[in-house]
Amino acid sequence: MNILIIGSGAREHALAKAFRRSSQKPTLFCYATSHNPGIKIVCENYQVGDINLVDNIVDIALAWQIDLAIIGPEAPLEKGLADALWQAHIPTVGPKKNLARIETSKAFTRELFKKHGIPGSPLYQVFDDLEGVKEFLIKLGENHYVIKANGLMGGKGVKVAGDHLHSIAEAYQFCQELISQGQSLVIEEKLIGQEFSLLCFCDGTTLVPMPLVQDHKRAFIGDKGPNTGGMGSYSAADHRLPFLTEKDIEQANHINEAMLTALTADTREQYRGILYGSFIATREGVRLIEYNARFGDPEALNVLAILTSDLVEIGEAIVTGRLSRNHVTFAKLATVCKYAVPEGYPDKPIKNQPIDISQVRYPEQLYLAAVDDRQGILYATGSRTAAVVGIAETIQDAEQQAEEEIQRIQGSLFHRPDIGTRELINQRIQQMKELRKKEYQFL
């Protein structure tokens, strides 16, 4: 079987490794944005180009006689790459453009929830212009709002009151900037609690959940600094998270199921790919932050590292509508992922600096991301550079393993040593205990 991976970051490196473990021994191909040697070395053919040029990718997929494609990043989904591949009779893991709106349009998802009465939405309002913006910000109150660009903005379209915006005036100015760039926007109430990721395989009718993961968006120790694409993440051996209750998990799964039903009813199309819900556990219950229409990064590294079933079989089941829980098993192990990123990341990253990964002890647990191989020298190109995943029976042991490995990557890089530590996790457990106490006191 010939399998095409679209994208060349750590997420796609993790996909390549998982496909390589298949008993079917597929032949791998990659359409990439840079020369990632970790992916390139396991591929029969590796083409660097613009992953948003749909026709080019379809042409090369046909030339390579691809049997199954999987789309890593979100941008090609918005361009309709899945639609074009299916039209060329290439089965694809990744939703069509109309379905991918759950990620590419924040307003679409909120309005879908509203129309179908799906629980889990915060108070929100959609704006196509500035009329009413200031009044709604005042209604939500100082430090109680989140502003989101409606479309994709490469992770730079969301700002949170108190973290990025410190007054109504600043918030209004950000809204002006978005509108001037041709974006509509969504303003939502700010939710207080702990965030978590619930990813599912989906064949259009059946959802199969993966282990729960918690990502860490902030750049610096102690959840300080600007937001990033994700500095690392962890999962527990029981596939839950220590600050969540059974009710929290049930609510998140129910929201995913209800959303899929609503999406299918409205579009009359089958969602085939990865459904990734970003949730927050609050005093009032679980709320949806947003949906993504593909594997998360870093979350994919956690879950694929412990996937014990055959990813080729899962992919085939997704595209043929035969997915069941029997297809999907994960090892009962904990994982901790840590990213090394360039100095200055994310606002002013140092670019095109050489890095050295030769001292890494466990290359199977190393994932290369924003790198470029130039005549045998590996360069960090400016975004998240490389990740390692520790795997062990406990989160603490996995964290220690990841920390030791990430320090072996040499270059003008930094990472967050606190991700997965007992201290940071206990802080999150304690925060949820305090929030739940307030809930009971309120009742």
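Which strand and which helix each supply at least two residues of the lining of the second largest pocket? They are strand 11 (207-209) and helix 10 (246-267), where helices (H or I, at least four residues) and strands (E, at least two) are DSSP runs numbered from the N terminus. The model is predicted, so local features need pLDDT of at least 70 and side-chain atom pairs count only at pLDDT 80 or more, while totals for chains, interfaces and linings use all residues. Residues are numbered from 1 along each chain as its sequence is written, and side-chain values use heavy atoms, leaving out hydrogens and water.

The second largest pocket holds about 320 Å³ of space, and of its 15 lining residues P209, M210, P211, H239 and R325 lie nearest its centre.

The largest nonpolar core has 130 residues, among which L4, F196, F201, F295 and L304 touch the most other members; such a core joins buried residues (under 20% relative accessible area, 1.4 Å probe, protein chains only) through side-chain atoms within 4.5 Å. Helix 10 gives the largest share of this core, seven residues.

| Nonpolar core | Size | Residues include |
|---|---|---|
| Largest | 130 residues | L4, F196, F201 |
| Second, separate | 18 residues | L137, L140, A149, Y172 |

Helix 10 also contains D248, which counts as buried because its relative accessibility is 3%. The side chains of D248 and R436 are joined by a polar contact of 2.8 Å, the cut-off for such a pair of N or O atoms being 3.5 Å.

Conventions. On a 1 Å grid over the protein atoms alone, a cavity is a set of points where a 1.4 Å probe fits but cannot get out, and a pocket is an open set with protein on both sides within 12 Å along at least five of seven lines; lining residues have an atom within 4 Å of a point. Grid points are joined across faces, edges and corners, and a volume is the space filled by probe spheres set on the points. Buried means under 20% relative accessible area, exposed over 50%, partly exposed in between (1.4 Å probe, protein chains only). A polar contact is a pair of N or O atoms within 3.5 Å; within protein, one must be able to donate a hydrogen and the other to accept it, and residues adjacent in sequence count only if both atoms are side-chain atoms.
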